[in-house]
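Trainee: Could we go through this model together? I'd like to get my bearings before I look at details.

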Amino acid sequence: MKETIAFTLNGRPASLEVDSSRMLLWVLRYDLGLTGTKYGCGEGLCGACTVIVSGKAERSCVLEMKAVAGKKVTTIEGLATNGELHPLQKAFVEHDALQCGYCTPGMIMNAYGLLLTNPHPSRSEIIEHMDGNLCRCGAHQRIVQAIETAAQRAGGA
Amino acid sequence: MRREYTGQGTVYEDHLKLDFSAATQAGPSLPLDRRQFLQLLGGGIIVCFTVPDSLGAQEGERRRGMGQQLPQDFNAFLRIAEDGRVSGFTGKVEYGQGIITSMAQILAEELDVPLDSVDMVMGDTDLCPWDMGTFGTMSTRIFGPALRAAAAEARAVLVGLAAEQLQAPKERLRTKAGAVYDEAGQKRISYAELAKGQMILRHLKGVAPKPVSEDTLIGKSVLRRDAAAKVTGQAKYAGDIKVPAMLHARILRPPVHGAGLIHADTSGARAIEGAQVIEDGDLIAVLHPLPDMAERALAKIRAEFDRPAPTVDDRTIFDHLLKAAPQGQTVAQGGSLEEGRKAARHIFDQTYLNSYVSHAPIETHTALAKIEGNKLTLWASTQTPFALKEAAASLLGFPAQNVRVITPFIGGAFGGKSNNQQAMEAVRLAKLAGKPVQVVWTRAEEFFYDTFRPAAIVKIQAGATEAGLITFWDYGVYWAGERGAPQFYNILNHRTVSYGSGWGSTPGSHPFATGPWRAPGNNTNTFARESHIDTLAAKVGMDPVEFRLNNLTDPRMRRVLQAAAKTFGWSPAKAPSRRGFGVACGTDAGTYVAHMAEVAVDKNTGNIKVKRVVCAQEMGLCVNPEGARLQLEGGITMGLGYALSEEVRFKGGEILDSNFDTYTIPHFSRLPQIETVILDAKDSPFQGGGEPPIICMGGAIANAVFDATGARLLQLPMTLERVREALFKRES
């Protein structure tokens, strides 16, 4: 059923009339044109669609629109501020922590979610938190290093 | 050094004899005429160059059996625009392997321009020179020299032009950072100024590239040039492309391979607002402006299929494949097996198996087709944009030059994105609907239509003397193909026979599609060979590394083995030493690799914990060492999957795995400590980088498990159940 859903998207108010049972992923990608959030599995099993909803990393492919009403949603497009890359984004670049890059937005957003609640995670905490995000190219070792670097520099900033 | 075999080819190029006809069935792409090309590009300087004969011959040789030739007069690999920026053109595509960076390095190096001024244009069939496809680890070793030759000739042409403009003898001129300098006269002219408004068609034959000793960019590690776009979500993949009025498609699929549609009631789908149902023969699809609404509408279709009774499953497949195997082809042969048997003190027979494995890229197959009048534009995740162009043109009855395939970034491929089924579906639906149509396969479709790495069998009989010399080697591989099959040890009496294609299937063989999977065939062959070599070493009572060196004279292989052993800290011991150390080595795409692994095996659960992997690779002249390390780490990590957990479960034509919950690819927590060594080989030509580092993972881990437990794993993947079974068998 269509209803008006209002939320904050990347720091700005957003409001749209939408079937509230639709998943956030498709609304982001096609209704709102934010294609940085990727489809990978559709069942919350790969993490390519990870976004932040009110401070927590969520799988947008299984998150209904009604669940984001009134919440703050951050996507990969909202991470850089004033053209300045977020420390996680910088660290991913510096560590070559990606190959095909398709899982990268989800990796960064999930890591961002970790640093919001745990600004200085141990290596095993990083691995545990990231374990459900899949990368087929095998950039894992560098992704862990990049998260460590970003955490050292900025913590949850 | 290339080793010749008495069989049909060399050890490295054998995969190229496999049949690409399905992917490249149409004729060669027509080169654009110069006027069309300039219209597409805007102004700038076009450098025509001729492919050096040696490269042309090499290319022709590599393309045998594929019904395709490189166009003889393909025009441009590069353009220098009026603002001084340089575009490099390649039909190769970027799916993570990093050639968007390394090719720019090659071009910048040879042309003498700053790396930052180079942009690569990739996989666009209107702009780029024809290409067979991005596979076989050929981008750097085959395309690299051609690109370098183009740049060398371009630079020489520019120097000639500068000599005229500066009125200085050519011999006095030097190039640097996009300009030509006359040091004596203290004069300078930039490439941009030379190119200004001019089109130059000058051929200079026989221009040699710079000597390697003068390279400053090739061999230097540079960061990925696509990273900034990828970390911000700005990088575009095929699914991120939008055009006005486009519709999203969801297609009705059969529940099992081989099923036929009896009846479909589409009324429920038609009732969904905005949904359009297409029914065209065997194709039933729902189109909708939103993909998730198309999915909902598809779910409303009631369809009945007749399901053929399953005849094979993931357990009986090996017996079935052995029975279905055609006559073998001898790939390599020498000496007398009979003499070898007589000379052996220990003779050992074994059969090795591996299951079907999925490519499972995180980006599913995606395409967007837009037809305007008699022109088609296609954006697709594909490893073969030029083959797609021909196929799409043929489907629509358009002349090939009216079809443009644009390949955005690809979210992983690994050999699985060469068939273009999803793109042909998009074309067909766009034609039927009269609107642009995007097809994005669901994860279940991705597993269902994947061209799996084939299940395969290897049977080996071999023998050795008491002193540890291998006296004969009798090797048969079924359904994996010959890539990586010919062994490289010093064995006088040997025979290698390949039964059945490496990836195509014949009727009655595989119950679904199979295809090339990262280093096709070589994972199967290297697992079997290196397991068997290890077994011989154990029978003779020698350390596995020492046994290999004892039977090796090839200096490149000895070098990678010794380098891996040094980094790993290998000390000689007879297996099983209980340390959990394993070694394997191999060759692929002209490159030599050796891997060492350390494992711990939980004897109760059967869990293999891979603690550490070292990989040493000698890949000729390495363009971007850090980029190559990424490939090594990627190969090791992806290789853990086929070694430990990945196998497609099926019953007849029904694929039982449809998502990542049951098909387990490597996770962060599975990750070993990884160390990579790239051996310096600056004086050798470019070799392959992306496929070789995966080939040893099955063998190195299986050998480490034997070293830890004394149990020999004979089937990949080494699941908990198979490890427990092997441990039980060893004890009883």
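Predicted model: local features only at pLDDT ≥ 70, side-chain atom pairs only at ≥ 80, totals over all residues.

Trainee: OK, into which domains is chain A divided?
Mentor: Chain A has domain 1 (2-77) and domain 2 (87-154), with bounds that come from an automatic or database domain assignment. The C-alpha centres of domain 1 of chain A and domain 2 of chain A are 21 Å apart.

Trainee: And how many residues of each domain of chain A are in contact?
Mentor: In chain A, 14 residues of domain 1 are in contact with 13 residues of domain 2, where contact means that the C-beta atoms of two residues, placed from the backbone, lie within 7 Å. On the side of domain 1 of chain A that touches domain 2 of chain A, β3 (50-53) and β4 (56-59) of chain A each supply at least two residues, and the largest share, three residues, comes from β3(A). Helices (H or I, at least four residues) and strands (E, at least two) are DSSP runs, numbered from the N terminus.

Trainee: Switching to helices, how do α4(A) and α5(A) lie to each other?
Mentor: The axes of α4 (residues 123-130) and α5 (residues 140-154) of chain A come within 10 Å and cross at roughly 120°; axes are lines fitted to C-alpha atoms, for helices over the stretch in contact, and angles run from 0 to 180 degrees between N-to-C directions. α4(A) and α5(A) are therefore oblique to each other, given that angles under 35 degrees count as roughly parallel, over 145 as roughly antiparallel, 65 to 115 as roughly perpendicular and the rest as oblique.

Trainee: Which residues make that contact?
Mentor: A:R123, A:I126, A:I127 and A:M130 of α4(A) meet A:I143, A:V144, A:I147 and A:E148 of α5(A).

Trainee: What about chain B, how many residues of it touch chain A?
Mentor: 46 residues of chain B are in contact with 42 residues of chain A.

Trainee: Last one, how do β5 and β6 of chain B run?
Mentor: They run antiparallel, with four bridges joining β5 (residues 173-176) to β6 (residues 179-182) of chain B; two strands pair if DSSP finds at least two bridges between them. B:K176 has B:A179 in β6(B) as its bridge partner, and in the hairpin of β5(B) and β6(B), with two residues between the strands, B:A177 takes a positive phi near 45°.

Notes: Residues numbered from 1 in each chain as written. Chains lettered and ligands numbered in written order.
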